[in-house]
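Open the model in your viewer and keep the selection panel at hand. The stops below go from one chain interface to a few single residues.

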Amino acid sequence: MSEPGSEEEPLLDEDFLARCGRLALLSRKLVQGKLRGEKRSRRKGMSTEFADHREYVAGDDLRHLDWNIYGRLEKLFIKLFEEEEERSVVLLLDASASMACGEPDKWRHARQIAAALGAIALASGDRVQLRVFDRELRPEMGSIRGTRSILKLVQALDELKVGTETALLPSLRAHAATAPPRAIQILISDLMDPAGLEAPLRQLSGARGESWLIHLLSRSEEYPEELGDLRLRDVEDQSHVDVSFNPAIIEAYRSILAEFREDVRTLCGRFQIQSVEVSTATPFDRVVLEILRQRGMLA
Amino acid sequence: MSWGAPVMFWLLLLIPAVLLLWFLKIRRTEKTVASTLLWRRALQDERVRSPFQRLLKNLVLLLQLLAVLLAVLALAAPESGSQRFTSRLNLILVDTSASMNSVEADGRTRFELARENIDEIIDEISGERGMVIRFSSRVEPMTPVTSDRALLRKAAVELSAGSGVSNINDALELALSIAKQDAVVPMPVSDSVSEDGLEVLDPQIDARIFVVSDGALPPWGGESFPVPVILHTVGDASSNSGIVALAARREFSEEGDLRVVVEIRNTGDELITGSLDLRLDGVLATESVQKDLEGGERWTRSFALQGSGKHQIEVHWHPDEKDALSLDNSAWLIASQPRSIRVARVGKKNFLLDDALAVIPSVVVEMVSLAEIDPETAADEFDVIVWDREIPESLPPGVGHLVIGARPLQFWPDEIVMVAQPILVAWKKDDPVLRFSQLNAIDGTVVETYPLPVRDGVSAIAECREGALLARFHEGDVRGIAVAFDVLDSPWPLTPSFPFFIEAVLRDLARVSHGIESGIRSGDLIEVFGGAGVSRAVLTNPSGESEIEIPVLPEGVLRTPAGEELGIYKMSWKKGAPSDSNWNQQLIPVNLLSPAESSIEPKPSIAGISSVSERQSNGFWGDARFELWPWFLASALFLMMLEWIVFHRR
């Protein structure tokens with residue numbers, strides 16, 4: 001029998017999947033889909049559900065004139081109907097080597113969150129696309145939809161391996177070029193990119209859709225408790241830094257970490273990205289079922 | 001600053017070793033992290049916010065290096081001042097003679113007062129160099145020249161007053177010699193250097209001599225004194241009386257056969273009353289004699305005793321009121337029956353020599369031929385062999401030889417050119433064999449002689465220009481006196497000095513005294529001739545409390561300095577196997593008998609030494625030289641403690 005949270009344990013269990021079925025990703029903006037789906041789009045069109053009126057302009061379809069209003073107001077108004085569209089959810093998963101570091105494991109935590117969000121999206125009829133990157137965007141696995149694709153998604157996540165160093169900008173730039181319009185793009189990453197975060201996050205700007213960031217750090221990265229003289233080696237670029245752990249240096253680290261998070265929050269605010277700071281110290285189901293719901297991302 | 005042991009600077013190589021250890025010590029455990037990005041920023045931030053932390057990190061290494069550096073500097077024995085500077089030399093002469101035992105009014109002895117003076121002097125010479133020399137009958141340096149005042153103080157504490165007489169002259173000569181050796185040639189000051197770069201400067205003595213004494217000292221007999229002599233006089237008492245002379249002689253009168261003469265002197269100014277006892281072998285020999293002595297009065301008292309044979313004679317002076325110095329209130333001597341000298345006379349008929357031998361008391365002469373002398377038994381049979389114009393090729397060992405008109409080939413194997421009527425150019429008047437003899441009779445009157453060349457083992461007693469006419473020879477167990485001419489070729493045997501010379505030679509070679517052993521003074525050498533074959537010798541002090549083994553010198557000579565205790569010492573020795581229980585003994589009286597020591601009145605100066613003003617120390621010559629290594633070592637220890645604290649606080 002495998003230990004809970006171990007690599008042998010499935011990323012999501014059936015019980016959790018059942019609970020996911022009652023949830024849906026809550027978009028603050030309506031999204032446009034190619035097919036008529038369950039989600040409402042702001043695109044007003046030929047659907048049967050009334051949405052609003054507007055004044056008639058030349059060229060409008062006369063069949064949609066509201067004669068009742070014309071009778072009362074003697075003005076021509078066109079009836080607008082909401083077009084029901086299916087929604088795209090893009091799971092952007094950071095698979096750089098840094099994600100495999102830390103205690104507890106960030107990599108498993110990230111895949112579990114991705115699987116949960118993907119399952120919720122699929123269960124609510126959204127189209128889901130998993131995009132994995134490290135130094136660059138890996139080949140796409142294609143969009144999936146329907147509850148029957150949940151297992152496929154989970155299996156794909158389960159088989160993923162971490163890659164090499166992080167390069168957010170080229171990866172997200174490549175994603176932005178091919179991202180479906182008005183999709184919910186969810187970035188799950190530790191954001192450990194020495195090249196900086198402004199340009200990469202700009203690629204994820206929420207102006208073109210809904211953008212979420214799940215900033216994931218391990219407990220040991222949040223609360224370092226090492227003692228003595230250590231040589232810390234970067235798992236990605238193999239550079240090192242000599243640190244003599246003492247209360248002063250730990251305090252300085254925490255201060256820098258707080259600044260780092262504050263910078264991330266500022267950038268997210270600027271680029272209309274909803275961000276959530278998540279620690280591996282928090283179980284992933286609690287992250288999904290409580291934190292994301294409290295933040296209004298799930299309903 | 002100068003360095004006493006600059007070779008220790010090699011130890012600076014320890015500094016690279018410390019650096020190596022430091023780098024080995026901080027070898028870090030490696031740990032893989034997701035990114036070093038935040039850690040780099042944190043380190044940078046921490047360094048900016050807490051620059052002291054960075055310093056603290058290296059502070060441990062810095063402290064270790066400083067500690068090593070200071071320890072090495074301490075080992076290099078740093079001293080303040082430069083090599084060309086020297087600190088003043090202070091020679092502290094401490095009188096430990098008998099008079100320093102005088103008891104003052106407060107019940108303390110003068111030597112106890114002297115100790116306080118020595119302490120004050122040692123305090124006064126702080127930063128300068130000093131040396132403690134004790135003097136009584138002998139002079140003995142107690143410390144080397146040192147700036148270690150603790151060592152000087154320790155030497156002073158170990159000193160005590162003895163029973164000898166003050167030999168200030170030897171002490172001053174020794175001190176002056178040390179001061180002269182310490183003189184340095186001053187380095188020319190740059191401004192005064194002549195054009196050729198040379199400047200001749202005389203050596204300068206920068207020394208003082210402190211004399212801590214009661215001033216009961218003989219006058220200085222040397223030349224003018226170039227070094228300041230500062231006398232620290234101790235004591236006030238002046239009232240004392242004591243025995244200053246004791247002598248005895250054999251005589252044959254109606255009153256007795258032994259006469260003892262005692263002289264007592266009141267060296268103070270006040271009247272002293274006392275009684276005099278004379279004891280023979282510990283028993284009162286006469287009734288005590290009462291005597292009032294005025295200030296400065298001398299009193300000589302003679303005793304006639306029935307005392308043939310061997311006796312210990314003691315005299316004790318008992319002042320009615322206890323006087324300041326008790327050491328001079330007793331004296332001892334030994335009266336013994338002189339033994340006969342066994343003399344073998346070898347050679348041709350010589351009635352003048354035979355007559356001389358016949359008139360000498362306690363001499364038994366046996367006429368023997370050359371062939372009858374057995375070299376192996378001669379030492380047991382005879383004390384002296386007189387060879388008159390006949391001599392064997394090799395003289396027998398262990399016996400004294402008087403060789404007349406011949407030369408021992410052992411000492412003079414080469415032919416010697418004859419000299420007619422030689423003129424005497426020198427003779428040793430103080431030699432025991434010439435003490436009662438005049439040599440005018442042989443000055444240019446000897447018909448012919450073969451002067452003996454002086455070489456190793458030979459010393460001339462009387463010599464002409466060509467060599468010795470009378471000579472001592474000594475090599476191993478063979479010793480004697482050679483007369484380099486036939487006495488019949490000179491008028492000498494017809495003069496009274498000839499039998500005196502023969503008697504003195506026989507007593508000298510036979511080593512026999514006149515039967516009265518008046519003894520020696522404290523500190524002088526006790527010398528006993530035990531004879532050949534002595535295997536062990538022991539000296540017992542007068543109280544019988546201690547016995548010391550005496551080394552046996554060649555020919556059985558037993559020699560050792562007398563101790564500080566006055567009285568009769570006993571030298572015991574035995575011959576043959578160590579298990580042999582037959583001990584020979586000789587008693588040796590050790591007395592004070594010194595009018596100078598009995599005169600205890602303190603004197604403010606030493607007669608004969610003109611006052612030399614004390615030169616003040618100046619910047620050039622008087623800079624004190626301090627040893628700085630304790631400060632360096634203490635600093636190194638302090639830094640090591642600091643390093644320990646800093647290391648653990650991290």
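This is a predicted model: local features need pLDDT of at least 70, side-chain atom pairs count only at pLDDT 80 or more; totals for chains, interfaces and linings use all residues.

Residues are numbered from 1 along each chain as its sequence is written, chains are lettered from A and ligands numbered from 1 in the order in which they are written, and side-chain values use heavy atoms, with hydrogens and water left out.

**Chains A and B.** Select both chains: 32 residues of chain A are in contact with 20 residues of chain B (contact: heavy atoms within 4.5 Å). About 2700 Å² is buried between them, 66% of it from carbon and sulfur atoms (accessible area, 1.4 Å probe, lost on being put together, summed over both parts). Arg233(A), Tyr253(A) and Ile256(A) supply 19% of the area that chain A buries against chain B.

**Arg233(A).** Show its side chain with that of Glu30(B): the two form a salt bridge at 2.7 Å, N to O (a side-chain nitrogen of Lys or Arg within 4 Å of a carboxyl oxygen of Asp or Glu). The count between chain A and chain B is one salt bridge.

**Thr282(A).** Move to the loop between β11 (273–279) and α9 (284–294) of chain A, where Thr282(A) lies (helices, H or I, of at least four residues and strands, E, of at least two are DSSP runs, numbered from the N terminus). Thr282(A) is buried, at 15% relative accessible area (buried: under 20%, exposed: over 50%, partly exposed in between; 1.4 Å probe, protein chains only). Leaving aside neighbours within four places in sequence, Thr282(A) is in contact with His109(A), Val287(A) and Ile291(A).

**Cysteines.** Select Cys101(A), buried at 9%, then Cys268(A), buried at 1% relative accessibility.

Conventions:
Buried area is the accessible area (1.4 Å probe) that two parts lose on being put together, summed over both.
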